[in-house]
Amino acid sequence: MSSTQSRPSIHIPGTTTHVMAPRAGRAGREGSLRYLKAGSGAPLVLLHTVRTQAEHFRLLVPLIAEQYTVYALDLPGMGYSEIVPGASYDEPAMRAGVERLLTELDLRDVTLVGESMGAVLALTTAADLPERVRKVVAVNTYDFAGGIARSSLLARVVVTGVLAPGVGPVIAGVEPKPALTKILQGGLGDKSALREDYVDELLQVGKRPGYPAVARGVYQALPSLIEARKRYPEVKAQVHLVYGEKDWSRPSDREANKKLLPAADFTQVPGAGHFIALERPDVLAELLNAAA
């Protein structure tokens, strides 16, 4: 894995790791992208959440790999994708990374499955590439004021600190395991769904040179994710909106998106929080396999 200093501590059975080089003539402006591949069948691309990586889908991939060729992407700068100094992590820049995967691999008839931030990117990518995207499953779209700060008082304090002028970069580089665990558990109905080895993996990634700037950039990107909602009515692909009953979004946020996507299917998962791929991968797998 030439673009990284370390390797993931978690392996998803049946997956292979791949690295997509920057496009010709883009040296220094975009980095290499790492993705996992598994299975066979029509292409399905998984897009992860804020402060996570492809291994976020460790439980989902084996459940759908018999029906799809699965690609789980590390979004630009995240996971083990290359960190480019000074890069933007706003919605258009992250979307460009997703579109690179689809176009460079010439994927067509694609199902895009995104959770949280990844759900927004799935919808906007579908708006940009209607000839390539067949279906979007948008899980707990991260497109509302406050974002992860709605999770808990601790999350609110940490995110406020990370975004603060001057001290923000320092705070972004300090990530105690108990604090990260508590913040992530705030996105779960079932707290036990957060495995310790996954937290350890996220902490390992957080030690990559330059990663604190990435984390800060991603938190700063929330306004661009909210702004991206105006693109939703452009989506021509079939859309399925999935929300956890205990997601950070409010009923008014969900209703607003249903109005923007009136033809979309809608599922609410009882008892689930923001990270459905961690606590209820079976629900997503059933939904996806039924549509394969």
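Is Asp 106 buried, partly exposed or exposed? With a relative accessibility of 45%, Asp 106 counts as partly exposed; buried is under 20% relative accessible area, exposed is over 50%, and partly exposed is in between (1.4 Å probe, protein chains only).

Before the rest, a word on the basis. This is a predicted model, where local features need pLDDT of at least 70 and side-chain atom pairs count only at pLDDT 80 or more, while totals for chains, interfaces and linings use all residues. Residues are numbered from 1 along each chain as its sequence is written, and side-chain values use heavy atoms, with hydrogens and water left out.

1. Two loop residues with positive phi. Asp 106 sits in the loop between helix H2 (91-104) and strand E5 (110-115); helices (H or I, at least four residues) and strands (E, at least two) are DSSP runs, numbered from the N terminus. Its phi is near 50 degrees, a positive value in a residue other than glycine. Asn 140 also has a phi near 50 degrees, and you'll find Asn 140 in the loop between strand E6 (133-139) and helix H4 (153-163). Asn 140 counts as buried, because its relative accessibility is 0%.

2. Around Ala 54. This residue belongs to the loop between strand E3 (42-47) and helix H1 (61-64), and Ala 54 is buried at 0% relative accessible area. Leaving aside neighbours within four places in sequence, Ala 54 is in contact with Ile 12, Arg 34, Leu 36, His 48, Ala 72, Leu 73 and Asp 74; contact means heavy atoms within 4.5 Å.

3. One of those contacts, Arg 34. Arg 34 is part of strand E2 (residues 33-39) and counts as buried, since its relative accessibility is 1%. Its side chain makes a polar contact with the side chain of Glu 55, at 2.6 Å. (A polar contact is a pair of N or O atoms within 3.5 Å; within protein, one must be able to donate a hydrogen and the other to accept it, and residues adjacent in sequence count only if both atoms are side-chain atoms.)

4. Thr 69 in strand E4 (residues 68-73). Thr 69 is buried at 10% relative accessibility. A polar atom of the Thr 69 side chain lies 2.9 Å from the backbone oxygen of Gly 41. Not counting residues up to four places away in sequence, Thr 69 touches residues including Lys 37, Ser 40, Gly 41 and Pro 43.

5. The nonpolar cores. A nonpolar core is a set of buried Ala, Val, Leu, Ile, Met, Phe, Trp, Tyr and Cys residues joined through side-chain atoms within 4.5 Å. The largest one has 69 residues, and Val 45, Leu 102, Met 117 and Val 136 have the most contacts inside it. Helix H3 (residues 117-128) gives the largest share of this core, 8 residues. A second, separate core has 27 residues, among them Ala 38, Leu 44, Leu 60 and Val 269.

6. Helix H7 (residues 196-206). Its buried residues include Tyr 198, Leu 202 and Val 205. The buried residues of H7 pack against helix H6 (177-185), helix H8 (211-220) and helix H11 (276-279).
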